[in-house]
Amino acid sequence: MDSVTTHPFISFAPAMPQAPRADTQAALVGFFQDFGFTARGDLEKLAGWILGTRELSLSPEAALALARWRVEGWLAEVLGPAHVGPSLLVRGRAAFVLVGGARWGADVLMRAPASLPEAWRRAVCEAVPMSAPAEVPCQMREQVLVLNPFMDMLRRWLRPAASQAGVSPSR
């Protein structure tokens, strides 16, 4: 008769859910602190919202990418299509901080944007900072270097007031 032997250290019990990695948790906490959240309970709740039912051993980079994706989606719904673009996360975060969105607690990000008060959504839209104009290549004007400022000051002082008013002697 054949016998089956098992290694005494192998367990066939189902794996218990584990806590998220410390570095992943720290990365998510840092991400949401940039939005103004400071309460430990809010930060833990938001980290749980991002990780959800996914594997809790995500790398910090993967967890941050997931957090950016979820928050950008939420911001796109709140701000509308007029603000959607490459700088949505940066400008949306600034607007969120300006209106004090973190005072509402973690639930504000976890709720559907349609369920938020219309006045608050409008305030967030109005708080979005203007984007900077695109860079345009151009030539810089020639600048004049004054090597001896005291002589330039003396020349201006000795110059008659009537002659060539408004013209700089350093040119």
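Accessible areas here come from the Shrake-Rupley method with a 1.4 Å probe. On that basis the accessible surface of this protein, a predicted model, comes to about 12,500 Å², and carbon and sulfur atoms account for 60% of it. Of the 171 residues in the protein, 29% are buried.

The secondary structure consists of seven helices and zero strands, so the order of elements from the N terminus is α-α-α-α-α-α-α. Among contacts between residues at least 6 apart in sequence, 61% join residues at least 24 apart.

In soluble globular proteins, nonpolar side chains tend to be buried together. Here the largest nonpolar core has 36 residues, and the members that touch the most others are Phe-32, Phe-37, Trp-74 and Leu-109. At least two residues of this core come from each of H1, H2, helix H3 (60-79), H4, helix H5 (107-110) and helix H6 (118-127). H3 supplies the largest share, nine residues.

Phe-37 shows what such a position looks like in terms of contacts. Leaving aside neighbours within four places in sequence, Phe-37 is in contact with Phe-32, Asp-42, Leu-43, Leu-46, Phe-96, Ala-102, Gly-105, Ala-106, Val-108 and Leu-109.

A pair of aromatic rings is described by the distance of the centres and the angle of the planes. The structure holds nine aromatic pairs. For Phe-32 and Phe-35, the ring centres are 6.4 Å apart and the planes stand at 45 degrees; the pair is therefore tilted, since an angle under 30 degrees would count as stacked and one over 60 as edge-to-face. Phe-32 and Phe-35 are both buried.

Phe-35 also pairs with Phe-96, in this case edge-to-face, with 5.8 Å from centre to centre and 70 degrees between the planes. Phe-35 lies in the loop between helix H1 (22-33) and helix H2 (40-51), while Phe-96 is in helix H4 (residues 88-98), so this pair ties together parts that are 61 residues apart in sequence. Both Phe-35 and Phe-96 are buried. Ring pairs link these residues into a cluster made up of Phe-31, Phe-32, Phe-35, Phe-37, Trp-74, Phe-96, Trp-104 and Trp-120.

Nonpolar side chains are also found on the surface. Met-151, Leu-154, Trp-157 and Leu-158 form a nonpolar patch there, with about 480 Å² of accessible area together. Leu-154 is located in helix H7 (residues 149-158), and counts as partly exposed because its relative accessibility is 38%.

How values were computed
Residues numbered from 1 in each chain as written. Predicted model: local features only at pLDDT ≥ 70, side-chain atom pairs only at ≥ 80, totals over all residues. Heavy atoms only, no water. Patch = residues over 30% accessible without salt bridge, like charges linked within 9 Å, V, L, I, M, F, W, Y side chains within 5 Å. Salt bridge = Lys/Arg side-chain N within 4 Å of Asp/Glu carboxyl O. Helix = DSSP H or I, 4+ residues; strand = E, 2+ residues; numbered from the N terminus. Buried < 20%, exposed > 50% of the residue type's maximum accessible area, 1.4 Å probe, protein only. Phe/Tyr/Trp six-rings, centres within 6.5 Å; stacked < 30°, edge-to-face > 60°. Core = buried A, V, L, I, M, F, W, Y, C linked by side-chain atoms within 4.5 Å. Contact = heavy atoms within 4.5 Å.
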